[in-house]
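Subject: Structure for you to look at

Hi,

Could you have a look at it when you get a moment?

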Amino acid sequence: MDKVMVCLKRVVDYNVRIRVKPDQSGVVTEGVKMSINPFDEIALEEALRMREQGHAQEVFVVSIGPDDCQQQLRTGLAMGADRAILLESDGEIEPLAAAQLLLKIIERENPGLVLLGKQAIDNDCSQTPQMLAALWNRPQATFASKIEFNEDSLRVTREVDAGLEVIEVDLPAVVSSDLRLNEPRYVKLPDIMKAKKKPLETIPVADLGVDTAPAFEVTSYEAPTDRAKGLMVDDVAGLVSALKEKGFSL
Amino acid sequence: MSKVLVIAEHDGNELNPSTAKTISCAVTLETDAIDIVIFGQETGTVATQAAEISGVSRVLIVDVASNSNTLAAVLAPQVATLAEGYDYVFGPSTTFGKDLMPRVAALLGTGQISDIMEVIDNQTFKRPIYAGNAIVTVKADTTKKIVATVRVASYKESQKDGSAATENISVSADVPSHTRFVELSSDTGERPDLQVANVVVSGGRGVGSKENFDLLFNFADKINAGVGASRAAVDAGFVPNDMQVGQTGKIISPDLYMAFGISGAIQHLTGIKDAGTIVAINKDPDAPIFEIADIGMVGDLFEVIPQLNDQLGS
C-alpha cells in the first residue's frame with residue numbers, strides 16, 4: 001500500500017472538566033488545553049505501525065479547522081507522520097461537510113486506507129468515518145479493535161454490543177478505531193524538533209468547492225441535571241434495608 | 001404529513017429491545033405513520049415481535065440472503081432507497097445503528113442527529129455532547145429528511161399490545177460485495193442482557209482478577225441481574241469488551257445498578273447516569289462514585305458480596 005491517510009480532530013483535552021457557559025451559548029473552550037481527539041491518536045498509531053511493518057509507504061495526517069489545528073498536526077508529525085494537510089476554516093464544520101472535504105483530499109491523494117477515530121470526544125457524533133466511506137463508495141469497518149492484512153483486503157475485528165465481530169473489507173477502505181486497537185506512543189523531544197521541519201500544507205476550505213454551511217442550528221447548551229449525593233450506609237444490613245426502602249425486593 | 005421509518009435491530013431470531021425504544025422516541029413526533037423495516041433472512045419471529053410494538057403502522061420485511069448479516073455497506077443503499085417515501089429515518093444508537101445510520105444519511109445527502117434523548121418538536125431535539133457533560137438543543141432543516149439515532153438509555157420500550165400489518169417487500173439497490181461478514185463471537189450466556197436487565201451488578205479494577213469476577217456472576221445469577229464492568233476491568237482482561245459500561249462501552253439505564261470496586265471515572269459515570277438507583281460499594285471513601293450514588297457503602301466487596309448473597313435472592 002502506498003499511502004495511509006489519518007484524520008485528526010482538535011478537541012478539548014479529555015482531562016478537562018467541561019463547563020457550560022452561563023448564557024448557554026456554548027461550552028467554555030477559552031484557555032483550556034486542546035489535544036488530538038484520543039480515538040484519532042489511536043488511528044494514527046495504527047497507521048504508523050502499518051508503515052513500520054512495511055504495509056504502507058507513507059502516512060499523512062489531515063485536520064479541518066482553524067489555524068490552531070497546526071498544533072495537533074505537529075503533534076501528529078512528531079508521533080511519526082510524514083506530512084500534514086490542514087483544511088483551514090474558522091467556521092463550524094458538521095460531519096457531512098467534513099466527510100465531503102476529506103473526500104476531496106482522497107481524490108487528490110488516492111490513499112489505500114483511511115483511518116479515523118470512531119468518534120470525536122467533543123460532539124460525540126460518530127458519523128464522519130461512515131459518511132466518508134459512503135461518499136467514497138468504499139467499505140467501512142467501524143469500532144476496530146484489531147486490523148490484519150490480507151493481500152488486497154483487511155480482516156478487521158470490531159467491538160460491537162454483542163461481542164466481537166470480524167469482517168473482511170476490500171481496499172481501499174475506511175476504518176474507525178476503538179480504544180483497544182493499540183496504545184499510542186509517547187512523543188519524544190527530538191521528534192518534536194524534527195516535526196517542525198516536516199511539510200505542512202494549508203488549503204483554505206473555501207477553495208475546495210464544498211458547501212460547509214451548517215444544516216443544524218444549536219439553539220442552546222445546558223449542563224446536565226446532576227444526580228444528588230445519596231445516603232451512606234455503614235454495613236450490609238443498612239444496605240439491604242435502604243434497598244427495601246427504595247422498593248427493591250431482590 | 002410526516003412518516004417515520006425505523007430500522008429494526010435483530011440477531012436473526014429475536015428483535016433487539018433497542019427497536020421498541022426507538023419507536024418510543026418516534027411516537028413523540030407528530031406523525032401520520034411509523035413503519036419498521038426488517039432486513040434479514042427468514043426473520044419470521046422478528047417480524048411478529050415488531051408487529052406487536054404499539055405505535056407501529058406497518059412492518060416491512062426485506063428478506064434476501066444477502067441481508068443475513070447486518071453489514072452497513074450492504075444495508076445502507078437499501079435504506080436510502082426505501083427512505084424515498086419517508087420524512088424521518090431513525091435507528092437505535094447501539095453499535096448497529098451507529099454503524100449504519102451515518103452511511104444512510106450520507107447517501108441521502110443529509111446530516112444526522114446522533115443520540116436523540118428528547119424530542120422537543122418535529123424539528124427540534126436534545127442530544128448529549130462531551131460524554132453527557134452538556135446537553136444541546138438542535139434544530140434541523142425540515143426541507144431535508146431527518147436521519148437520526150435514538151439514545152436507547154433515554155427511552156423505555158414501547159408497549160407490546162399492537163398488531164401492525166406485515167408486508168414482504170423488495171428493494172432495488174446496488175448491494176456491494178466489497179464488505180464480507182466473517183464471524184461474531186460473543187459470551188452471551190443465560191444472564192439477562194446488559195442493555196435490557198432491570199438490575200445490573202458491575203465490577204471494576206477492585207475485583208482484582210478474572211477468577212474473582214465469578215463472585216459477581218454468582219451474585220448476579222442469584223438476583224437475576226445482568227453483569228457489567230468498568231473499562232479498567234475490561235482493559236485488565238478480567239472480562240470481555242461487551243461487558244463494558246461507560247462512554248466508550250454501553251450506556252445503560254437499569255432500575256438498579258450495583259457497582260463493586262468501581263472508583264467512578266467520569267467516562268464510567270456517563271454510562272450509568274440514567275440508572276434508577278445507583279448503589280456503590282468501594283474500599284476508598286473518597287471514590288468519586290460516592291458523589292452520584294444513591295446508596296453508598298465503604299467496604300470490601302469480598303466481604304460485602306457474600307453477605308448480600310446470604311441476605312438477598314431466593
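The largest nonpolar core has 50 residues, and A:Met5, A:Leu87, A:Val114, A:Leu132, B:Ile7 and B:Leu100 are those with the most contacts inside it. By nonpolar core I mean a set of buried Ala, Val, Leu, Ile, Met, Phe, Trp, Tyr and Cys residues joined through side-chain atoms within 4.5 Å; buried stands for under 20% relative accessible area, exposed for over 50%, and partly exposed for what is in between (1.4 Å probe, protein chains only). The element that gives the most to this core is helix 3 (residues 95-109) of chain A, with 9 residues. Helices (H or I, at least four residues) and strands (E, at least two) are DSSP runs, numbered from the N terminus. A second, separate core of 44 residues includes A:Val32, A:Phe216, B:Ala26 and B:Ile129. In soluble globular proteins, nonpolar side chains tend to be buried together.

Before going on, please keep in mind that this is a predicted model: local features need pLDDT of at least 70, side-chain atom pairs count only at pLDDT 80 or more, and totals for chains, interfaces and linings use all residues. Residues are numbered from 1 along each chain as its sequence is written, chains are lettered from A and ligands numbered from 1 in the order in which they are written, and side-chain values use heavy atoms, with hydrogens and water left out.

Which residues does A:Val114 touch, not counting those up to four places away in sequence? They are A:Met5, A:Cys7, A:Ile106, A:Leu132, A:Trp136, A:Ala173, A:Val174 and A:Val175, where contact means heavy atoms within 4.5 Å. A:Ser176, in strand 10 of chain A, is buried at a relative accessible area of 1%. Leaving aside neighbours within four places in sequence, its contacts include A:Leu116, A:Pro129 and A:Phe143.

Now the backbone. The peptide bond from A:Leu171 to A:Pro172 is cis, with omega near 0 degrees, and A:Pro172 sits in the loop between strand 9 (163-170) and strand 10 (173-177) of chain A. A:Gln24 has a positive phi of about 60 degrees although it is not a glycine; A:Gln24 is partly exposed, with a relative accessible area of 37%. B:Tyr130, also not a glycine, has a positive phi near 45 degrees, but B:Tyr130 counts as buried at 11% relative accessibility.

On to the interface. Chain A brings 72 residues to the contact and chain B 84. The area buried between them is about 6800 Å², of which carbon and sulfur atoms give 56%; buried area is the accessible area (1.4 Å probe) that two parts lose on being put together, summed over both. In chain A, A:Asp161, A:Arg227 and A:Leu250 lose the most area to chain B, together 13% of what that side buries.

A:Arg227 is worth a look in your viewer. A:Arg227 is found in the loop between strand 12 and strand 13 of chain A. Its side chain makes a polar contact with the side chain of B:Asp294 (2.8 Å), and a polar atom of that A:Arg227 side chain lies 3.2 Å from the backbone oxygen of B:Gly276. A polar contact is a pair of N or O atoms within 3.5 Å; within protein, one must be able to donate a hydrogen and the other to accept it, and residues adjacent in sequence count only if both atoms are side-chain atoms.

A:Arg180 and B:Asp235 form another salt bridge (3.0 Å, N to O). A:Arg180 lies in the loop between strand 10 and helix 5 (189-195) of chain A and B:Asp235 in helix 6 (residues 231-235) of chain B, so the pair joins two chains.

Best wishes

Terms used: Salt bridge = Lys/Arg side-chain N within 4 Å of Asp/Glu carboxyl O.
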